[in-house]
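Please examine the sequence and the model displayed below. The paragraphs that follow lead through the packing of helices, the pairing of charges and some details of the backbone.

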Amino acid sequence: MNTLTTQLQLLKSNGVSLSTPELLRYQQLAKLFSLVPKRAPQAKLAGSYLTKHKGRGMEFDEARHYQPGDDIRAIDWRVTARTGKTHTKIYREERERPVFLFCDFLPSMMFGTKLLTKSVQAAHTAALISWSAAARGDKVGAIVFNQARHKEVKPLTRKKAVLHICHELKDVHSSSLASTVNREESLNAFADACARARRLAKPGSLVYLVSDFQNLSAKALQHLSQLTRHCEVRAIVVEDPIELALPSTTNIQEVKVSDGTDQQSWLLGDSNEQKAYEQWRAKTRRDTEHTLKKANIARFHVSSGFPLDQQLQAMQREVM
C-alpha cells in the first residue's frame, strides 16, 4: 500500500469528493486550531469571550456563601441543601464573538495534483474551524458557494450548527464537481459571496475566508475592506503544490495543460522553464498577499498536497 493511499484512508477521503466521516473526523482535532483574537474586539457585545467582571451573565462562575444584598433569585438550592448553608450562584459576564466561515467552491478550487483537490482541503479547513469554534462555545455560521449556488448558515452554537455546516459543505461541493469554467461567472460569484458575508457577519465576528483567491476582484475587495472595519478577518489561502513549482523529472518532457478553456504547453525538466514558472507563481502569490494586507486581512497558507493536521502540527512545532 503506497503512502498516498494510506494518507487518504487516514483522512477517510478519496481526495476528490466529500463524505460525512471525513468532516466529522475534525471534531477530534479541534484543539489544533487556535481561535484566539489577534486584536481588540470591534463591537460592544463582541469581546474576548469571558470578561473579568462578575454579573448576571450566562456563564456560571462559582457558588459562594450568601451575602446580604445578594439577589435571592440566584440562590443555589442544591448546594444550599447539600451543605446546610445558603449559597448564591455567581455568573461571569459572557460576551459573544461569533465565528463566520466563507468557503469557496468555484471551479478554480476543483483542482489537485498530489493528495486532495483544493476544494476538499478547503472543506477540511472549514470543518476544523467549525469544530474548534463549537468546542470553545462560540456561535458559528457560514456561507458556502460555487458558481450556481450559495448556502447560508446563520451563526448558532454547539454541535448542531457544525453538523449543519458540514451538510452544506458536502451538498454544495457535490454540485461543484460538474461546474464548467466561466471566468466572468466566477468573478461575479466571488464578489457576490463577499457582499453576502459582509451582510451576514455580525460586528465583532471572527471571519475566515477559505479560498485560493484567484477570483478576487476590485469589487470583491471593496466588500472585504468594509467587512474588516467591524470584524477580524483572516484569509486561509489554499494552494496546490503545482501552483508553486513544476514537478521535477529526470527527463525533459512536454505536457499539455488546460483550465477547460485555454491550453498551454509546459516543458518539465527544463531548468529555465522551471525558474520562469517559479518566478511567475511567486509574483502572483506576492500580489495576492499584498492585496489582502492592504485590506487589513491576515494571511495563512494551506497546501492541498498534505494532510491539514500534519501542517498544523508542523506550525505548532515551529512556534515552540
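**Helices, charges and loops**

The helices α6 and α7 cross in a left-handed manner. This arrangement belongs to a predicted model. Two packed helices are described by the angle between their axes and the distance between the axes. For helix α6 (residues 183-200) and helix α7 (residues 218-227), the angle is about 15° and the axes are 8 Å apart. Angles under 35 degrees count as roughly parallel, and α6 and α7 are therefore roughly parallel to each other. On the side of α6, the residues that meet α7 are Phe190, Ala191, Cys194, Ala195, Ala197 and Arg198. On the side of α7, the partners are Lys219, Ala220, His223, Leu224, Gln226 and Leu227. Sorted by class, this contact of α6 with α7 has 8 nonpolar, 2 polar and 2 charged residues.

A second pair of helices can be described in the same terms. Helix α4 (residues 118-136) and helix α5 (residues 158-176) have axes that come within 9 Å and cross at roughly 170°. Angles over 145 degrees count as roughly antiparallel, and α4 is therefore roughly antiparallel to α5. From α4, the contact is made by Ser119, Val120, Ala123, Ala126, Ala127, Ser130, Trp131 and Ala134. From α5, Arg158, Lys159, Val162, Leu163, Ile165, Cys166, Leu169 and His173 take part. By class, the contact of α4 with α5 has 11 nonpolar, 3 polar and 2 charged residues.

These helices belong to a protein that has 9 helices and 11 strands. Of its 320 residues, 43% are buried. Contacts between residues at least 6 apart in sequence may also be considered: 74% of them join residues at least 24 apart.

The next topic is the pairing of charged side chains. The count of salt bridges in the model is 15. Which residue does Arg25 meet in a salt bridge? The partner of Arg25 is Asp309, with a distance of 2.9 Å from N to O. Arg25 lies in the loop between α2 (20-24) and β1 (50-55), whereas Asp309 is in helix α9 (residues 308-319), so the pair ties together parts that are 284 residues apart in sequence. Both Arg25 and Asp309 are buried.

Asp70 is paired with Arg64, and their closest N and O atoms are 2.9 Å apart. Residues under 20% relative accessible area count as buried; Asp70 has 17% and is therefore buried. Arg64, at 24% relative accessibility, counts as partly exposed. In the salt bridge between Glu254 and Lys256, the closest N and O atoms are 3.9 Å apart. A residue counts as exposed when its relative accessible area is over 50%. Glu254 is at 53% and so counts as exposed, and Lys256, with 55%, is exposed as well.

Salt bridges can also be joined to one another. Arg149, Lys151, Glu168 and Asp171 are linked in a network of salt bridges. Where does Arg149 lie? Arg149 is placed in the loop between β5 (140-145) and β6 (150-156). With a relative accessibility of 29%, Arg149 counts as partly exposed. Leaving aside residues up to four places away in sequence, Arg149 touches Val144, Asp171, Val172 and Ser175. Arg149 can also be compared in position with Phe105: the two are 44 residues apart in sequence, and their C-alpha atoms are 9.7 Å apart in space.

The last topic is the backbone. Most residues other than glycine have a negative phi, and most peptide bonds are trans. Lys12 is not a glycine, although it has a positive phi of about 60°. Lys12 is found in the loop between α1 (3-11) and α2, and at 48% relative accessibility Lys12 counts as partly exposed. Asn296, also a residue other than glycine, has a positive phi near 65°. The place of Asn296 is in the loop between α8 (271-294) and β11 (298-303). Asn296 is partly exposed, its relative accessible area being 47%.

Note on methods:
Residues are numbered from 1 along each chain as its sequence is written. This is a predicted model: local features need pLDDT of at least 70, side-chain atom pairs count only at pLDDT 80 or more; totals for chains, interfaces and linings use all residues. Side-chain values use heavy atoms; hydrogens and water are left out. A salt bridge is a side-chain nitrogen of Lys or Arg within 4 Å of a carboxyl oxygen of Asp or Glu. Helices (H or I, at least four residues) and strands (E, at least two) are DSSP runs, numbered from the N terminus. Buried means under 20% relative accessible area, exposed over 50%, partly exposed in between (1.4 Å probe, protein chains only). Axes are lines fitted to C-alpha atoms, for helices over the stretch in contact, and angles run from 0 to 180 degrees between N-to-C directions. Angles under 35 degrees count as roughly parallel, over 145 as roughly antiparallel, 65 to 115 as roughly perpendicular and the rest as oblique. A crossing is left-handed if the near helix is turned anticlockwise from the far one by less than a right angle, and right-handed if clockwise. Contact means heavy atoms within 4.5 Å. Ala, Val, Leu, Ile, Met, Phe, Trp, Tyr, Cys and Pro count as nonpolar, Asp, Glu, Lys and Arg as charged, and the others, Gly among them, as polar.
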